Amino acid sequence: MERFAIEGGQPLTGSVRVHGAKNAALPILAASVLAKGESVIHDVPDLQDIQVMESILRSLGARVTRQGPSISVDPTPIHSTEVPDELMRQMRSSIFLMGPLLARFGSVRVSKPGGCTIGTRPIDLHLKGLKAMGSQIDESHGFIFCRANRLKGASIYLDIPSVGATENLLMAASLADGTTMIGNAAREPEIVDLANFLNKMGAKIKGAGEATIYVEGVPELMPAEHTVIPDRIVTGTLLVAAAITKGRIRLENVNADHLGVVMTKLRETGVEIEVERDIMTVKSSNRLTAIDRIQTSYYPGFPTDLQAPFMSLLTIANGTSVISETVFEERLKHVSELRRMGARIKVDLRTAFIEGVPELTAANVEATDLRAGAALVLAGLAANGTTIVENAHHIDRGYERIEQVLGSLGARITRIRD
Ligand code: EPZ
């Protein structure tokens, strides 16, 4: 097991480049299965989740090679559409392979993805959409089998604007016979990035990023080259790192359009943010001001993935802040760990009331999931003393070499291996 040791109190200063978005790269790597030939994806972060996706594609027979930040995928040699159970269990996002494998090869077998510590995370909307497109779906022994000679276009309405369901159905509809309409679609930037990649391959997608998306199916898709958008959640996490340490940092490779509400809320605490093209400079204020209300929501609302990192910041803001988590039913597990560091937080169902304290104190804490872990690292950067954050592997799933990135900005953080 690995853990981070963080000596708090160092204001972060300096400049770092933000890596490509994990949550765009994963569906785009899955979509490369649809092409007749080798696609090349650039600025793919070197994260555990990406390595699992590479392993899954290789296990199906695809030729996958990484050269630095670029990954090439040639699905031509694919000989199986059965995603290995042990790899499915490592990463829920393997579910993104259902749409492309079914659309390209007419069948797919996945194991029911485990929920994780942030909620049950069902896939009923994915299955409902694929069924509407003509897929035969059987579930037995913990596996889901989908079969379809040729998917057909359908009108689908999502009860929840699910990111994963929207992405799976976009990929499936690209090769279907006829036109598909996805109503109440997710509008995240990662959906737009996937649609841009699919359209480069020859797909005919209109409306990505809006609530209704139209896909006119085509007979085949060709390989394409694509650079993944910057990771807006990593960007938001680094903005909080500067704010919580009262530092001043410069971020390169940032898309400020993807961070509207996040910048608004940060500015409410007194943080100064300047944007110039893809450069963002953030300067903290001496005493942070509490935020009346943050409510996580679907894009373009406040991103649920930044709820925990923001909570860390608000534990030392002046006044009481309120955060409601409306997307996932169990995404407040970091509260008990932050309390160990002296935070004053009360929780009522899915709402946290955070009463700011002058400073946090170092403690031994445990990361329970990716973003909760990031929140504890952020709290450690500000706490008085040396904080130990257990279960570093959770954090490695979404942040490439986080100790090097933070270390280059002056943080005193080291990775300890057993
Ligand atoms: C994506 O997960 C992201 N992961 C998550 O980021 C992110 O938190 C989430 O979208 C919301 O923005 C990737 O893109 C790889 P959803 P996803 O389907 O697609 C319910 C991170 O930290 N739902 O939009 O799984 C679901 O239970 C990760 O990087 C159904 O009920 O999220 C949840 O309550 C964590 N039925 C809500 O919808 C379904 O069929 C939103 O889930 C699908 C989802």
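Me: How far is an oxygen atom of the ligand from an N or O atom in the side chain of arginine 371?

Reply: Please note that this is a predicted model. In it, the distance from the ligand oxygen to an N or O atom in the side chain of arginine 371 is 2.8 Å.

Me: Which residues are closest to the ligand?

Reply: The ligand is surrounded by 23 residues, and the closest are Asp124, Leu125, Ser162, Asp305 and Val327. An N or O atom in the side chain of aspartate 124 lies 2.7 Å from a nitrogen atom of the ligand. With glycine 164, a backbone N or O atom is 2.8 Å from a ligand oxygen.

Me: How do helix α5 and helix α6 pack, and at what angle?

Reply: Angles under 35 degrees count as roughly parallel. Helix α5 (residues 124-132) packs with helix α6 (residues 163-174) at about 25 degrees, their axes being 8 Å apart; α5 and α6 are therefore roughly parallel to each other. On the α5 side, the contact is made by Leu125, His126, Gly129 and Leu130, and on the α6 side by Gly164, Ala165, Asn168, Leu169 and Ala172. By class, this contact of α5 with α6 has five nonpolar, four polar and no charged residues.

Me: At what angle do the axes of helix α8 and helix α12 cross?

Reply: The axes of α8 (residues 232-244) and α12 (residues 370-382) cross at roughly 20 degrees and come within 9 Å, which makes α8 roughly parallel to α12. Arg371 of α12 is among the residues that make this contact. By class, the contact of α8 with α12 has nine nonpolar, one polar and one charged residues.

Methods
Residues are numbered from 1 along each chain as its sequence is written. This is a predicted model: local features need pLDDT of at least 70, side-chain atom pairs count only at pLDDT 80 or more; totals for chains, interfaces and linings use all residues. Side-chain values use heavy atoms; hydrogens and water are left out. Axes are lines fitted to C-alpha atoms, for helices over the stretch in contact, and angles run from 0 to 180 degrees between N-to-C directions. Helices (H or I, at least four residues) and strands (E, at least two) are DSSP runs, numbered from the N terminus. Angles under 35 degrees count as roughly parallel, over 145 as roughly antiparallel, 65 to 115 as roughly perpendicular and the rest as oblique. Contact means heavy atoms within 4.5 Å. Ala, Val, Leu, Ile, Met, Phe, Trp, Tyr, Cys and Pro count as nonpolar, Asp, Glu, Lys and Arg as charged, and the others, Gly among them, as polar. A residue is near a molecule or strand if one of its heavy atoms lies within 4 Å of it. A polar contact is a pair of N or O atoms within 3.5 Å; within protein, one must be able to donate a hydrogen and the other to accept it, and residues adjacent in sequence count only if both atoms are side-chain atoms.
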